[in-house]
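Please have the sequence and the structure at hand while reading.

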Amino acid sequence: MTLRNSDHSWGGIAKVLHWLIAAMILGMFVLGWIAVNYPMSPTKIKLFTWHKSFGITILMLALLRMAWRFLDPPPASSAHAPVWERQLARTSHALLYLAMIAMPVSGWIINSAANFPLKLFGLIRLPDIVPADKTLQTQAEFVHLSLFWILVALLILHVGAALWHHIVRRDDILTRMLPGTTRGAKEPVE
Amino acid sequence: MMSAPRAATALIFILVNAAAAASDWIVIKNRSQLGFVATYDGVGFTARFENFDAGIRFDPKQLETGRFDVVVDISSVNSDSADRDQGMLEPEWFDMKQFPKARFVSTDLRRTGAGTFAVAGRLTIKNITRDFVLPFEWSESVTGARLQGKADTRRTDFEIGTGDWKTDPIIGFEVKILVDLYLERKH
Ligand code: HEM
Ligand code: HEM
(Lines give C-alpha, C1' and ligand atoms only; values in the text may rest on other atoms or scores of the structure.)
(Ligands and ions follow the chains in the order given, each with its own letter.)
Protein backbone atom coordinates (compact mmCIF):
# COMPACT_ATOMS: atom_id res chain seq x y z
CA MET A 1 0.00 0.00 0.00
CA THR A 2 1.44 3.33 -0.99
CA LEU A 3 1.08 6.32 1.24
CA ARG A 4 -0.06 8.65 -1.49
CA ASN A 5 -3.25 8.38 -3.49
CA SER A 6 -3.03 6.90 -6.96
CA ASP A 7 -5.29 7.68 -9.92
CA HIS A 8 -7.77 5.09 -8.90
CA SER A 9 -7.23 4.36 -5.22
CA TRP A 10 -6.80 6.07 -1.91
CA GLY A 11 -3.32 5.95 -0.41
CA GLY A 12 -2.39 4.78 3.06
CA ILE A 13 -2.48 8.19 4.72
CA ALA A 14 -5.94 9.08 3.41
CA LYS A 15 -7.24 5.66 4.41
CA VAL A 16 -5.83 5.73 7.90
CA LEU A 17 -7.20 9.21 8.48
CA HIS A 18 -10.62 8.29 7.06
CA TRP A 19 -11.08 5.20 9.19
CA LEU A 20 -9.50 6.59 12.33
CA ILE A 21 -11.75 9.64 12.24
CA ALA A 22 -14.78 7.51 11.28
CA ALA A 23 -14.23 5.21 14.28
CA MET A 24 -13.65 8.12 16.64
CA ILE A 25 -16.75 9.98 15.49
CA LEU A 26 -18.95 6.93 15.98
CA GLY A 27 -17.37 6.46 19.40
CA MET A 28 -18.07 10.10 20.21
CA PHE A 29 -21.77 9.70 19.40
CA VAL A 30 -21.98 7.03 22.07
CA LEU A 31 -19.72 8.83 24.55
CA GLY A 32 -21.62 12.12 24.06
CA TRP A 33 -24.98 10.54 24.82
CA ILE A 34 -23.71 8.58 27.80
CA ALA A 35 -22.03 11.69 29.25
CA VAL A 36 -25.10 13.89 28.78
CA ASN A 37 -27.45 11.39 30.42
CA TYR A 38 -25.15 10.27 33.22
CA PRO A 39 -26.22 11.50 36.68
CA MET A 40 -24.10 14.32 38.10
CA SER A 41 -21.05 12.69 39.66
CA PRO A 42 -17.25 12.62 39.33
CA THR A 43 -17.72 9.94 36.65
CA LYS A 44 -19.87 12.32 34.58
CA ILE A 45 -17.12 14.94 34.68
CA LYS A 46 -14.56 12.31 33.63
CA LEU A 47 -16.78 11.09 30.77
CA PHE A 48 -16.92 14.69 29.57
CA THR A 49 -13.17 15.07 29.95
CA TRP A 50 -12.74 12.11 27.59
CA HIS A 51 -15.45 13.39 25.27
CA LYS A 52 -13.79 16.79 25.00
CA SER A 53 -10.27 15.40 24.65
CA PHE A 54 -11.25 12.98 21.87
CA GLY A 55 -13.31 15.74 20.25
CA ILE A 56 -10.34 18.09 20.08
CA THR A 57 -8.21 15.21 18.76
CA ILE A 58 -10.77 14.71 15.98
CA LEU A 59 -10.57 18.42 15.20
CA MET A 60 -6.80 18.22 14.81
CA LEU A 61 -6.97 15.03 12.73
CA ALA A 62 -9.66 16.58 10.50
CA LEU A 63 -7.51 19.66 9.87
CA LEU A 64 -4.57 17.40 9.10
CA ARG A 65 -6.73 15.36 6.77
CA MET A 66 -7.96 18.42 4.89
CA ALA A 67 -4.41 19.72 4.53
CA TRP A 68 -3.31 16.33 3.21
CA ARG A 69 -6.20 16.18 0.75
CA PHE A 70 -5.04 19.54 -0.57
CA LEU A 71 -1.48 18.25 -0.99
CA ASP A 72 -2.41 14.83 -2.37
CA PRO A 73 -5.05 14.88 -5.14
CA PRO A 74 -7.84 12.32 -4.64
CA PRO A 75 -8.41 9.47 -7.09
CA ALA A 76 -10.67 10.20 -10.03
CA SER A 77 -14.37 9.83 -9.46
CA SER A 78 -16.09 6.93 -11.16
CA ALA A 79 -15.86 7.68 -14.88
CA HIS A 80 -19.33 6.41 -15.70
CA ALA A 81 -21.14 8.26 -12.96
CA PRO A 82 -23.73 10.80 -14.08
CA VAL A 83 -23.16 14.45 -13.20
CA TRP A 84 -25.84 14.57 -10.46
CA GLU A 85 -24.21 11.63 -8.74
CA ARG A 86 -20.79 13.24 -8.75
CA GLN A 87 -22.31 16.48 -7.55
CA LEU A 88 -24.08 14.71 -4.71
CA ALA A 89 -20.87 12.91 -3.73
CA ARG A 90 -18.87 16.12 -3.80
CA THR A 91 -21.45 18.09 -1.82
CA SER A 92 -21.96 15.42 0.82
CA HIS A 93 -18.21 14.98 1.25
CA ALA A 94 -17.80 18.75 1.66
CA LEU A 95 -20.56 18.71 4.28
CA LEU A 96 -18.88 15.81 6.08
CA TYR A 97 -15.64 17.79 6.25
CA LEU A 98 -17.57 20.80 7.51
CA ALA A 99 -19.25 18.71 10.20
CA MET A 100 -15.91 17.23 11.30
CA ILE A 101 -14.77 20.78 12.06
CA ALA A 102 -18.02 22.37 13.23
CA MET A 103 -18.89 19.57 15.65
CA PRO A 104 -15.80 19.93 17.86
CA VAL A 105 -15.69 23.72 17.47
CA SER A 106 -19.29 24.04 18.70
CA GLY A 107 -18.39 21.75 21.61
CA TRP A 108 -15.41 23.95 22.42
CA ILE A 109 -17.72 26.99 22.34
CA ILE A 110 -20.15 25.30 24.79
CA ASN A 111 -17.29 24.54 27.11
CA SER A 112 -15.81 28.04 26.95
CA ALA A 113 -19.17 29.80 27.32
CA ALA A 114 -19.97 27.57 30.31
CA ASN A 115 -16.57 28.60 31.72
CA PHE A 116 -15.42 25.06 32.33
CA PRO A 117 -11.73 24.33 31.92
CA LEU A 118 -10.55 22.32 28.94
CA LYS A 119 -7.61 20.07 29.62
CA LEU A 120 -6.61 17.71 26.85
CA PHE A 121 -6.36 14.23 28.41
CA GLY A 122 -5.73 15.93 31.73
CA LEU A 123 -2.42 17.27 30.43
CA ILE A 124 -2.59 20.26 28.15
CA ARG A 125 -4.65 23.26 29.12
CA LEU A 126 -6.48 24.75 26.13
CA PRO A 127 -7.69 28.36 26.10
CA ASP A 128 -11.32 29.47 26.07
CA ILE A 129 -12.42 30.59 22.62
CA VAL A 130 -15.40 32.69 23.77
CA PRO A 131 -16.10 34.52 27.05
CA ALA A 132 -18.39 33.06 29.72
CA ASP A 133 -21.97 33.60 28.58
CA LYS A 134 -25.01 31.49 29.48
CA THR A 135 -27.05 32.52 26.40
CA LEU A 136 -24.21 31.67 24.06
CA GLN A 137 -23.76 28.37 25.88
CA THR A 138 -27.42 27.43 25.29
CA GLN A 139 -27.13 28.40 21.62
CA ALA A 140 -23.95 26.40 21.16
CA GLU A 141 -25.59 23.39 22.83
CA PHE A 142 -28.41 23.65 20.33
CA VAL A 143 -25.91 23.83 17.44
CA HIS A 144 -23.89 20.88 18.79
CA LEU A 145 -27.02 18.74 19.09
CA SER A 146 -28.34 19.85 15.67
CA LEU A 147 -24.99 19.05 14.08
CA PHE A 148 -25.19 15.61 15.60
CA TRP A 149 -28.49 14.91 13.82
CA ILE A 150 -27.24 16.46 10.59
CA LEU A 151 -24.15 14.29 10.79
CA VAL A 152 -26.29 11.20 11.42
CA ALA A 153 -28.33 11.99 8.30
CA LEU A 154 -25.19 12.61 6.23
CA LEU A 155 -23.67 9.36 7.41
CA ILE A 156 -26.76 7.35 6.54
CA LEU A 157 -26.46 8.80 3.03
CA HIS A 158 -22.68 8.27 3.02
CA VAL A 159 -22.65 4.66 4.19
CA GLY A 160 -25.73 3.91 2.10
CA ALA A 161 -23.96 5.26 -0.97
CA ALA A 162 -20.81 3.25 -0.24
CA LEU A 163 -22.84 0.05 0.08
CA TRP A 164 -24.89 0.89 -3.00
CA HIS A 165 -21.68 1.30 -5.02
CA HIS A 166 -20.42 -2.01 -3.78
CA ILE A 167 -23.56 -4.12 -3.94
CA VAL A 168 -25.68 -2.56 -6.66
CA ARG A 169 -23.18 -0.81 -8.88
CA ARG A 170 -20.50 -3.38 -8.19
CA ASP A 171 -17.77 -0.78 -8.70
CA ASP A 172 -14.60 -0.14 -6.72
CA ILE A 173 -15.69 2.96 -4.74
CA LEU A 174 -15.89 1.10 -1.43
CA THR A 175 -12.95 -1.22 -1.96
CA ARG A 176 -10.60 1.59 -2.92
CA MET A 177 -11.13 3.09 0.52
CA LEU A 178 -10.75 -0.23 2.35
CA PRO A 179 -7.42 -1.11 3.94
CA GLY A 180 -5.05 -3.28 1.93
CA THR A 181 -6.34 -2.79 -1.60
CA THR A 182 -4.19 -0.55 -3.71
CA ARG A 183 -5.90 -1.22 -7.00
CA GLY A 184 -9.60 -1.04 -7.66
CA ALA A 185 -10.67 -4.66 -8.02
CA LYS A 186 -13.19 -3.88 -10.71
CA GLU A 187 -11.41 -0.98 -12.33
CA PRO A 188 -11.71 -1.48 -16.10
CA VAL A 189 -8.35 -2.29 -17.64
CA GLU A 190 -7.15 0.61 -19.76
CA MET B 1 -16.63 82.93 69.96
CA MET B 2 -17.24 79.94 72.18
CA SER B 3 -16.45 80.19 75.84
CA ALA B 4 -13.48 78.16 77.03
CA PRO B 5 -15.49 75.56 78.99
CA ARG B 6 -17.95 75.07 76.16
CA ALA B 7 -15.14 74.64 73.66
CA ALA B 8 -13.51 72.11 75.95
CA THR B 9 -16.76 70.18 76.32
CA ALA B 10 -17.25 70.17 72.57
CA LEU B 11 -13.71 68.92 72.04
CA ILE B 12 -14.12 66.13 74.58
CA PHE B 13 -17.42 65.17 72.98
CA ILE B 14 -15.79 64.92 69.56
CA LEU B 15 -12.87 62.89 70.89
CA VAL B 16 -15.07 60.45 72.80
CA ASN B 17 -17.37 60.04 69.86
CA ALA B 18 -14.45 59.51 67.52
CA ALA B 19 -12.97 56.87 69.82
CA ALA B 20 -16.24 54.97 69.92
CA ALA B 21 -16.87 55.20 66.20
CA ALA B 22 -13.29 54.90 65.02
CA SER B 23 -13.30 51.14 65.03
CA ASP B 24 -16.65 50.44 63.33
CA TRP B 25 -16.46 49.92 59.60
CA ILE B 26 -18.84 49.63 56.70
CA VAL B 27 -17.99 47.43 53.72
CA ILE B 28 -17.97 49.18 50.34
CA LYS B 29 -19.85 46.45 48.50
CA ASN B 30 -18.99 47.13 44.89
CA ARG B 31 -15.26 47.10 45.49
CA SER B 32 -15.00 44.34 48.05
CA GLN B 33 -14.71 40.64 47.43
CA LEU B 34 -15.40 37.68 49.62
CA GLY B 35 -14.99 34.28 48.07
CA PHE B 36 -12.76 31.32 47.46
CA VAL B 37 -10.49 29.61 44.97
CA ALA B 38 -11.13 25.93 44.30
CA THR B 39 -10.10 23.53 41.55
CA TYR B 40 -12.14 21.76 38.89
CA ASP B 41 -10.34 18.97 37.05
CA GLY B 42 -7.05 20.40 38.29
CA VAL B 43 -7.76 23.91 37.03
CA GLY B 44 -8.39 26.70 39.53
CA PHE B 45 -11.51 28.85 39.51
CA THR B 46 -12.55 31.78 41.67
CA ALA B 47 -15.99 32.20 43.18
CA ARG B 48 -17.34 35.30 44.91
CA PHE B 49 -20.31 35.78 47.18
CA GLU B 50 -22.23 38.79 45.90
CA ASN B 51 -24.19 39.19 49.12
CA PHE B 52 -22.79 39.20 52.59
CA ASP B 53 -23.10 41.26 55.74
CA ALA B 54 -19.91 42.08 57.54
CA GLY B 55 -19.98 43.68 60.95
CA ILE B 56 -16.42 44.82 61.46
CA ARG B 57 -15.09 46.56 64.52
CA PHE B 58 -11.36 46.88 64.34
CA ASP B 59 -8.76 49.27 65.64
CA PRO B 60 -5.12 48.21 65.26
CA LYS B 61 -4.35 50.03 68.49
CA GLN B 62 -7.14 48.43 70.47
CA LEU B 63 -7.29 44.83 69.35
CA GLU B 64 -9.24 43.76 72.43
CA THR B 65 -12.24 45.82 71.27
CA GLY B 66 -12.25 44.22 67.83
CA ARG B 67 -14.99 41.96 66.61
CA PHE B 68 -15.83 40.43 63.23
CA ASP B 69 -19.23 38.98 62.47
CA VAL B 70 -19.73 38.03 58.85
CA VAL B 71 -22.86 36.40 57.42
CA VAL B 72 -22.70 35.12 53.85
CA ASP B 73 -25.65 34.51 51.57
CA ILE B 74 -24.78 31.16 49.96
CA SER B 75 -27.21 31.59 47.04
CA SER B 76 -25.22 34.62 45.88
CA VAL B 77 -22.22 32.52 44.82
CA ASN B 78 -20.82 33.54 41.45
CA SER B 79 -17.98 31.78 39.64
CA ASP B 80 -18.85 33.13 36.16
CA SER B 81 -20.39 29.81 35.26
CA ALA B 82 -24.18 29.54 35.50
CA ASP B 83 -24.07 25.73 35.52
CA ARG B 84 -21.40 25.46 38.17
CA ASP B 85 -23.08 28.10 40.37
CA GLN B 86 -26.33 26.19 40.17
CA GLY B 87 -24.50 22.96 40.95
CA MET B 88 -22.85 24.37 44.06
CA LEU B 89 -26.27 24.97 45.64
CA GLU B 90 -27.25 21.30 45.35
CA PRO B 91 -27.57 19.11 48.46
CA GLU B 92 -24.18 17.41 47.83
CA TRP B 93 -22.45 20.79 47.92
CA PHE B 94 -23.58 23.83 49.92
CA ASP B 95 -27.15 22.50 50.25
CA MET B 96 -28.43 26.04 50.01
CA LYS B 97 -32.09 25.17 50.71
CA GLN B 98 -31.26 23.78 54.13
CA PHE B 99 -28.30 26.00 54.93
CA PRO B 100 -28.76 29.35 53.20
CA LYS B 101 -26.17 31.18 55.29
CA ALA B 102 -22.57 30.73 56.37
CA ARG B 103 -21.20 32.70 59.27
CA PHE B 104 -17.89 33.68 60.82
CA VAL B 105 -17.72 35.10 64.34
CA SER B 106 -14.38 36.18 65.74
CA THR B 107 -13.12 35.15 69.16
CA ASP B 108 -9.64 36.61 69.18
CA LEU B 109 -7.50 39.17 67.36
CA ARG B 110 -3.73 39.19 67.31
CA ARG B 111 -1.00 41.26 65.74
CA THR B 112 1.43 39.16 63.70
CA GLY B 113 3.70 41.86 62.21
CA ALA B 114 3.78 45.37 60.86
CA GLY B 115 0.31 45.88 59.43
CA THR B 116 -0.48 42.19 59.63
CA PHE B 117 -2.93 40.53 61.96
CA ALA B 118 -4.78 37.30 62.47
CA VAL B 119 -8.36 36.88 63.45
CA ALA B 120 -9.39 33.60 65.02
CA GLY B 121 -12.99 32.58 65.24
CA ARG B 122 -15.71 30.07 64.53
CA LEU B 123 -16.68 29.41 60.95
CA THR B 124 -20.05 27.77 60.35
CA ILE B 125 -20.95 26.30 56.98
CA LYS B 126 -23.73 23.73 56.50
CA ASN B 127 -24.30 23.88 60.24
CA ILE B 128 -20.80 22.57 60.90
CA THR B 129 -18.76 24.88 63.10
CA ARG B 130 -14.99 24.82 63.10
CA ASP B 131 -12.16 26.93 64.42
CA PHE B 132 -10.83 29.13 61.71
CA VAL B 133 -7.97 31.62 61.52
CA LEU B 134 -7.71 34.31 58.88
CA PRO B 135 -4.36 36.09 58.65
CA PHE B 136 -4.82 39.49 57.04
CA GLU B 137 -3.15 42.72 56.07
CA TRP B 138 -4.63 45.97 57.23
CA SER B 139 -3.97 49.30 55.58
CA GLU B 140 -5.65 52.46 56.69
CA SER B 141 -5.96 55.87 55.07
CA VAL B 142 -7.73 59.03 56.16
CA THR B 143 -10.89 58.05 54.36
CA GLY B 144 -10.97 54.30 54.76
CA ALA B 145 -9.23 51.00 55.13
CA ARG B 146 -8.55 47.82 53.27
CA LEU B 147 -8.50 44.32 54.71
CA GLN B 148 -6.90 41.57 52.64
CA GLY B 149 -6.71 38.01 53.84
CA LYS B 150 -6.29 34.44 52.62
CA ALA B 151 -6.66 31.15 54.43
CA ASP B 152 -6.54 27.52 53.40
CA THR B 153 -9.28 25.13 54.28
CA ARG B 154 -10.63 21.80 53.10
CA ARG B 155 -14.10 21.50 51.67
CA THR B 156 -14.51 18.12 53.34
CA ASP B 157 -14.20 19.79 56.77
CA PHE B 158 -17.63 21.23 56.12
CA GLU B 159 -19.06 18.23 54.24
CA ILE B 160 -19.06 20.19 51.01
CA GLY B 161 -19.13 17.48 48.38
CA THR B 162 -20.77 14.39 49.81
CA GLY B 163 -21.16 10.90 48.33
CA ASP B 164 -18.54 10.14 45.65
CA TRP B 165 -17.31 13.74 45.73
CA LYS B 166 -16.07 13.17 49.27
CA THR B 167 -13.23 10.95 48.08
CA ASP B 168 -12.85 12.00 44.46
CA PRO B 169 -10.30 14.76 43.83
CA ILE B 170 -11.82 15.93 40.54
CA ILE B 171 -13.17 18.86 42.55
CA GLY B 172 -10.09 19.60 44.66
CA PHE B 173 -10.22 19.18 48.43
CA GLU B 174 -8.08 22.24 49.11
CA VAL B 175 -9.96 25.50 49.03
CA LYS B 176 -8.48 28.92 49.60
CA ILE B 177 -10.73 31.51 51.19
CA LEU B 178 -10.17 35.02 49.86
CA VAL B 179 -11.16 38.21 51.58
CA ASP B 180 -10.55 41.66 50.14
CA LEU B 181 -12.67 44.29 51.83
CA TYR B 182 -12.67 48.01 51.20
CA LEU B 183 -14.03 49.78 54.24
CA GLU B 184 -15.22 53.20 55.23
CA ARG B 185 -15.77 54.56 58.71
CA LYS B 186 -19.22 54.26 60.20
CA HIS B 187 -20.65 57.56 61.49
C1 HEM C 1 -16.42 15.33 16.45
C2 HEM C 1 -16.50 15.70 17.68
C3 HEM C 1 -17.72 15.59 18.56
C4 HEM C 1 -18.84 14.83 18.44
C5 HEM C 1 -19.21 13.85 17.35
C6 HEM C 1 -19.67 15.12 19.60
C7 HEM C 1 -20.91 14.55 19.85
C8 HEM C 1 -21.71 14.83 20.93
C9 HEM C 1 -22.98 14.25 21.20
C10 HEM C 1 -23.64 13.16 20.34
C11 HEM C 1 -23.47 14.80 22.34
C12 HEM C 1 -24.79 14.46 23.02
C13 HEM C 1 -25.92 15.20 22.41
C14 HEM C 1 -26.03 16.63 22.87
O15 HEM C 1 -26.53 16.87 23.97
O16 HEM C 1 -25.55 17.52 22.14
C17 HEM C 1 -22.52 15.78 22.79
C18 HEM C 1 -22.66 16.60 23.89
C19 HEM C 1 -21.70 17.48 24.34
N20 HEM C 1 -20.45 17.68 23.79
FE21 HEM C 1 -19.76 16.88 22.10
N22 HEM C 1 -19.05 16.05 20.37
C23 HEM C 1 -17.84 16.36 19.78
C24 HEM C 1 -16.88 17.22 20.25
C25 HEM C 1 -16.97 17.95 21.42
C26 HEM C 1 -15.94 18.81 21.94
C27 HEM C 1 -14.58 19.05 21.29
C28 HEM C 1 -16.43 19.34 23.08
C29 HEM C 1 -15.79 20.31 24.04
C30 HEM C 1 -14.61 20.79 23.99
C31 HEM C 1 -17.76 18.81 23.29
C32 HEM C 1 -18.56 19.13 24.34
C33 HEM C 1 -19.82 18.64 24.53
C34 HEM C 1 -20.67 19.07 25.60
C35 HEM C 1 -20.34 20.12 26.66
C36 HEM C 1 -21.86 18.36 25.47
C37 HEM C 1 -23.10 18.48 26.37
C38 HEM C 1 -24.04 19.42 25.71
C39 HEM C 1 -25.31 19.60 26.50
O40 HEM C 1 -25.31 19.41 27.71
O41 HEM C 1 -26.31 19.95 25.83
N42 HEM C 1 -18.06 17.95 22.26
N43 HEM C 1 -21.44 15.77 21.92
C1 HEM D 1 -18.52 3.90 8.93
C2 HEM D 1 -18.80 3.77 7.68
C3 HEM D 1 -18.17 4.51 6.56
C4 HEM D 1 -18.00 3.98 5.33
C5 HEM D 1 -18.41 2.58 4.86
C6 HEM D 1 -17.36 4.98 4.52
C7 HEM D 1 -16.98 4.80 3.21
C8 HEM D 1 -16.34 5.73 2.43
C9 HEM D 1 -15.85 5.51 1.11
C10 HEM D 1 -15.97 4.20 0.37
C11 HEM D 1 -15.30 6.64 0.66
C12 HEM D 1 -14.60 6.87 -0.66
C13 HEM D 1 -15.45 7.65 -1.59
C14 HEM D 1 -14.70 7.84 -2.90
O15 HEM D 1 -13.72 7.17 -3.14
O16 HEM D 1 -15.12 8.73 -3.65
C17 HEM D 1 -15.44 7.61 1.70
C18 HEM D 1 -15.02 8.93 1.61
C19 HEM D 1 -15.24 9.86 2.58
N20 HEM D 1 -15.71 9.61 3.85
FE21 HEM D 1 -16.42 7.89 4.56
N22 HEM D 1 -17.17 6.11 5.26
C23 HEM D 1 -17.65 5.88 6.51
C24 HEM D 1 -17.68 6.76 7.56
C25 HEM D 1 -17.30 8.09 7.46
C26 HEM D 1 -17.39 9.03 8.52
C27 HEM D 1 -17.87 8.75 9.96
C28 HEM D 1 -16.95 10.22 8.04
C29 HEM D 1 -16.81 11.53 8.72
C30 HEM D 1 -17.68 12.12 9.38
C31 HEM D 1 -16.61 10.02 6.65
C32 HEM D 1 -16.16 11.00 5.80
C33 HEM D 1 -15.77 10.81 4.52
C34 HEM D 1 -15.33 11.87 3.63
C35 HEM D 1 -15.26 13.36 3.96
C36 HEM D 1 -15.00 11.28 2.42
C37 HEM D 1 -14.51 11.97 1.15
C38 HEM D 1 -13.05 11.92 1.10
C39 HEM D 1 -12.55 12.88 0.06
O40 HEM D 1 -13.09 12.98 -1.03
O41 HEM D 1 -11.58 13.57 0.43
N42 HEM D 1 -16.82 8.71 6.33
N43 HEM D 1 -16.07 7.04 2.77
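## Fold of chain A

Strands are here DSSP runs of E with at least two residues, and helices are runs of H or I with at least four, both numbered from the N terminus. On that basis I124(A) belongs to strand β2 of chain A, which covers residues 124-126. The model is a predicted one, and every value below should be read with that in mind.

Chain A has 4 helices and 2 strands in its secondary structure, and their order along the sequence is α-α-α-β-β-α. Taken along the principal axes, the box filled by the C-alpha atoms of this chain is roughly 60 × 30 × 25 Å.

## Contact between chain A and chain B

Chain A brings 15 residues to the contact, and chain B likewise brings 15 residues. About 1,400 Å² is buried between the two chains, with carbon and sulfur atoms giving 61% of that area. Of the area that chain A buries against chain B, 37% is supplied by P42(A), I45(A) and F116(A), which is more than any other three residues supply.

The elements of chain A that give two or more residues to the side touching chain B are α2 (42-71) and α4 (134-169), and α2(A) gives the most, with 4 residues. Sorted by class, that side of chain A has 7 nonpolar, 4 polar and 4 charged residues.

## Salt bridges

Side chains of opposite charge can pair when their charged atoms come close. The structure holds 14 salt bridges over all chains, and 2 salt bridges are found across the interface of chain A and chain B. K46(A) forms a salt bridge with D168(B), in which the closest N and O atoms are 2.6 Å apart.

Within chain B, a salt bridge joins the side chains of D24(B) and R57(B), at 3.0 Å from N to O. Because D24(B) lies in strand β1 (residues 24-27) of chain B and R57(B) in strand β4 (residues 52-57) of chain B, this pair ties together parts that are 33 residues apart in sequence.

## A nonpolar patch on the surface

Which residues of chain A form a nonpolar patch on the surface? The patch is made of W50(A), F54(A), F121(A), L123(A) and I124(A), which together have about 530 Å² of accessible area. One of these residues, I124(A), is the one placed above in strand β2 of chain A.

Key:
Residues are numbered from 1 along each chain as its sequence is written. Chains are lettered from A and ligands numbered from 1 in the order in which they are written. This is a predicted model: local features need pLDDT of at least 70, side-chain atom pairs count only at pLDDT 80 or more; totals for chains, interfaces and linings use all residues. Side-chain values use heavy atoms; hydrogens and water are left out. Contact means heavy atoms within 4.5 Å. Buried area is the accessible area (1.4 Å probe) that two parts lose on being put together, summed over both. A salt bridge is a side-chain nitrogen of Lys or Arg within 4 Å of a carboxyl oxygen of Asp or Glu. Ala, Val, Leu, Ile, Met, Phe, Trp, Tyr, Cys and Pro count as nonpolar, Asp, Glu, Lys and Arg as charged, and the others, Gly among them, as polar. Patches are made of residues with over 30% relative accessible area and no salt bridge: like charges are joined within 9 Å, nonpolar side chains (Val, Leu, Ile, Met, Phe, Trp, Tyr) within 5 Å. Accessible areas come from the Shrake-Rupley method with a 1.4 Å probe; for residues, only the protein chains shown count as cover.
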